[in-house]
Amino acid sequence: MQAIDLLLQRRSAKTLTEPGPDEGALELLLASAARAPDHGRLRPWRFVVIRGAARERFGAMLAAQLQRARPQSSPEALERERLKAFRSPLIIVVAAVRDARASVPMIEQVLCAGAAAQNILLAARALGFNGVWKTGAAAYDETVKRELGFEPADALVGFLYLGTETDAPPESGAQAHWREHVTYLGE
Ligand SMILES: Cc1cc2nc3c(=O)[nH]c(=O)nc-3n(C[C@H](O)[C@H](O)[C@H](O)COP(=O)(O)O)c2cc1C
């Protein structure tokens, strides 16, 4: 597939299954992430790879977060939250570990990690996989951050769920509206 077609056709996966990216594909995803634009060469991005049995631990983190945030949650709701970890064979947590002393604004350091996340999604598509970028309350939870090896000041920019797409969702048509969001200065 031509790169431009990949970009023009990008969309999130709705349902993902095995096979997930193997070791070689995973390396390509992460190496692609590290080619993101990086102001000041700070390399603020960090990645946590969750796959196989490690998803049990991640699912437990998600359910525990919901329990902390909403103690009245039903067992069914907690179970639904736990099962999110099994939506795909591979999850890559993308975080930004920001340097407050750097001259590069903090927001740019997060944007940089966000660009790395997008590179992962595009690389996955290029390799015949697909994915979806999620956050939710867990991404902003201090305990979840610590459990994933980060500090409260770090930003979890996304949980990337990656695997093989089972059903291609119908075209949303959203891309047809891009012209509405463009201003041509001076015309
Ligand atoms: C930073 C970020 C966080 C997101 N978090 C969620 C989320 O928690 N839940 C969700 O359903 N979609 C989330 N999305 C949106 C989806 O990833 C997806 O882009 C959206 O559903 C539109 O579908 P499309 O990518 O096929 O156009 C997030 C997107 C971004 C960029």
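## Strand β5 and its partners

In strand β5, Leu160 is the bridge partner of Trp133. Helices and strands here are DSSP runs, numbered from the N terminus: helices are H or I with at least four residues, strands are E with at least two. The model is predicted: local features need pLDDT of at least 70, side-chain atom pairs count only at pLDDT 80 or more, and totals for chains, interfaces and linings use all residues. Residues are numbered from 1 along each chain as its sequence is written.

β4 and β5 pair in the antiparallel sense over 5 bridges. Two strands pair if DSSP finds at least two bridges between them. Strand β3 (residues 90-96) also pairs with β5, antiparallel, over 7 bridges. There, Ala96 stands opposite Ala155 in β5. Strand β1 (residues 16-17) pairs with β5 in the antiparallel sense over 2 bridges. Thr17 stands opposite Thr164 in β5.

A residue is buried if 20 or more other C-beta atoms lie within 10 Å of its own, exposed if 12 or fewer, and partly exposed in between; C-beta atoms are placed from the backbone.

Look again at Leu160. Leaving aside neighbours within four places in sequence, Leu160 is in contact with Ile91, Ile92, Val94, Ala117, Ile120, Leu121, Gly131 and Trp133. Contact means that the C-beta atoms, placed from the backbone, lie within 7 Å.

## The nonpolar core

The largest nonpolar core has 40 residues. Such a core is a set of buried Ala, Val, Leu, Ile, Met, Phe, Trp, Tyr and Cys residues joined through C-beta atoms within 7 Å. Which residues have the most contacts inside this core? They are Ile91, Val93, Val94, Ala113, Ile120 and Leu160.

Two or more residues each come from α2 (23-33), β2, α3, β3, α5 (106-126) and β5. The largest share of this core, 8 residues, comes from α5. In soluble globular proteins, nonpolar side chains tend to be buried together.

## Helix α3

Helix α3 (residues 54-69) has 16 residues. From first C-alpha to last, α3 reaches 23 Å, close to the 22 Å expected at 1.5 Å a residue. The expected span is 1.5 Å times one less than the number of residues.

The buried residues of α3 are Arg55, Phe58, Met61, Leu62, Ala63, Gln65 and Leu66. These residues pack against β2 (45-51), α4 (75-83), β3 and α6 (142-147).

## Around the ligand

The ligand is surrounded by 10 residues; the closest are Arg11, Ser12, Trp133, Lys134 and Thr135. A residue counts as near a molecule or strand if its C-beta atom, placed from the backbone, lies within 6 Å of it. Strand β4 (residues 130-134) gives the most to this shell, with 3 residues.

By class, the shell has 3 nonpolar, 5 polar and 2 charged residues. Ala, Val, Leu, Ile, Met, Phe, Trp, Tyr, Cys and Pro count as nonpolar; Asp, Glu, Lys and Arg count as charged; the others, Gly among them, count as polar.

## Backbone details in the loops

A cis peptide bond joins Glu18 and Pro19, with omega about -5°. Pro19 lies in the loop between β1 and α2.

Arg41 sits in the loop between α2 and β2. Its phi is near 50°, a positive value in a residue other than glycine. Is Arg41 buried or exposed? Arg41 is exposed, because 7 other C-beta atoms lie within 10 Å. Arg43 lies in the loop between α2 and β2. Arg43 has a positive phi of about 45°, although it is not a glycine. Arg43 counts as partly exposed because it has 15 C-beta neighbours inside 10 Å.

How values were computed. Two residues are in contact if their C-beta atoms, placed from the backbone, lie within 7 Å.
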